Amino acid sequence: MRGPASRAESDIHWDVKAAEGYGGYLDLDRLLAAQHPRSGEHDEMLFIIIHQASELWMKLLLHELGAVAAGIRDDALGQPLKIFARVGRIQQQLIQSWDVLSTMTPHDYQLLRPHLGPSSGFQSYQYRELEFRLGNKDAALIAVHRADPPALARLEAALAAPSLYDETLRLLARRGVPVPAHALTRDVTKPYAADPDVEAAWLTVYRDVDTYWDLYDLAEKLVDLEDRFQQWRFRHLKTVERIIGMKGGTGGSSGVPFLARALGMSFFPELWSLRTKL
């Protein structure tokens, strides 16, 4: 009987220095050595890797949304509209990560929780930067990063910069859509608040899709973005509730009630409210 054929092809590079190969390019030695369980409990590796992987996906999400914002700022929507497809796939990875973490039972978590100390996802500066970049700004939340100057500087820059929605409204105005002046000159360090005049501007776009097709397409992709962000928030809340119930969070938050308040926050409120008036 013939055994399985060897897959050793003659042109494969067999003699590759570690620094030049796959592991070196990806810096796998450091990446795979970055898990340091403290408890000795089996599920702590799951807990660490889920959160580390989520931080990597958030890093990519920030990278892609930065390119989207730049394209909107330059009135070049071709690339941003394409990038939104990738953004959606990244968000799905983040949403599905909660499905994996939810395999941890309350008993398993209680065994490792004492070893987490005061660490909490609330302290993720990349998550906070994502919210700031999308428009949910709250200067008070930066205080938790005072001991981390590089993170603090990133968040201060994100707080001071126009959000993705600010850039979008400015684009509408440049295209002749009647966006109110106060929406274009507002203090971008403050959280965005729903504005009936901005809703009216968006209705101009939605009632004349043929004229404003790319702006309409952009608006719907922003709705998709927020929809998936809310799914991510909701899955986070339900995973926490499933594992710790109504206990407080490790970082001092109220836990589920704290997460629930975020579900009432909208990045692009007029894109939701206008649908009632169409």
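In which helix does D166 lie? D166 lies in helix α8, where helices are DSSP runs of H or I of at least four residues, strands are runs of E of at least two, and numbering starts from the N terminus. This is a predicted model, in which local features need pLDDT of at least 70, side-chain atom pairs count only at pLDDT 80 or more, and totals for chains, interfaces and linings use all residues. Residues are numbered from 1 along each chain as its sequence is written, and side-chain values use heavy atoms, with hydrogens and water left out.

**Overall architecture**

- The protein has 13 helices and zero strands.
- Its C-alpha atoms fill a box of roughly 70 × 55 × 40 Å, taken along the principal axes.
- Of the 278 residues, 40% are buried; buried means under 20% relative accessible area, exposed over 50%, and partly exposed in between, using a 1.4 Å probe and protein chains only.
- Contact means heavy atoms within 4.5 Å; among contacts between residues at least 6 apart in sequence, 72% join residues at least 24 apart.

**Helix α8 and D166**

- α8 is mostly covered, with eight of its 11 residues buried.
- The buried residues of α8 are L164, Y165, D166, E167, T168, L169, L171 and L172.
- These buried residues pack against α3, α6, α9 (181-184), α10, α11 and α13 (269-273).
- D166 has a relative accessible area of 3% and is therefore buried.
- Leaving aside residues up to four places away in sequence, D166 touches R186 and V188.
- After α8 comes G176, which has a positive phi, near 95°.

**Nonpolar cores**

- A nonpolar core is a set of buried Ala, Val, Leu, Ile, Met, Phe, Trp, Tyr and Cys residues joined through side-chain atoms within 4.5 Å.
- The largest such core has 60 residues, of which L164, W202, L225, W232 and L271 touch the most other members.
- At least two residues of this core come from each of α3 (44-73), α4 (78-101), α5 (106-112), α6 (125-134), α8 (164-174), α10 (196-206), α11 (213-244) and α12 (256-262).
- With 12 residues, α11 gives the most to this core.
- L225 touches L65, F84, V87, Q91, L134, L164 and F268, not counting residues up to four places away in sequence.

**Packing of α6 with α11**

- α6 and α11 pack at an angle of about 150°, with their axes 13 Å apart; axes are lines fitted to C-alpha atoms, for helices over the stretch in contact, and angles run from 0 to 180 degrees between N-to-C directions.
- This makes α6 roughly antiparallel to α11, since angles under 35 degrees count as roughly parallel, over 145 as roughly antiparallel, 65 to 115 as roughly perpendicular and the rest as oblique.
- Y127, L130, E131 and L134 of α6 make the contact with L225, F229, W232 and R233 of α11.
- By class, this contact has six nonpolar, no polar and two charged residues; Ala, Val, Leu, Ile, Met, Phe, Trp, Tyr, Cys and Pro count as nonpolar, Asp, Glu, Lys and Arg as charged, and the others, Gly among them, as polar.

**Packing of α3 with α6**

- The angle between α3 and α6 is about 25°, with their axes 10 Å apart, and the two helices are therefore roughly parallel to each other.
- The contact is made by E55, M58, K59, L61, L62 and L65 of α3 and by Q126, Y127, E129, L130, R133 and L134 of α6.
- By class, the contact of α3 with α6 has seven nonpolar, one polar and four charged residues.
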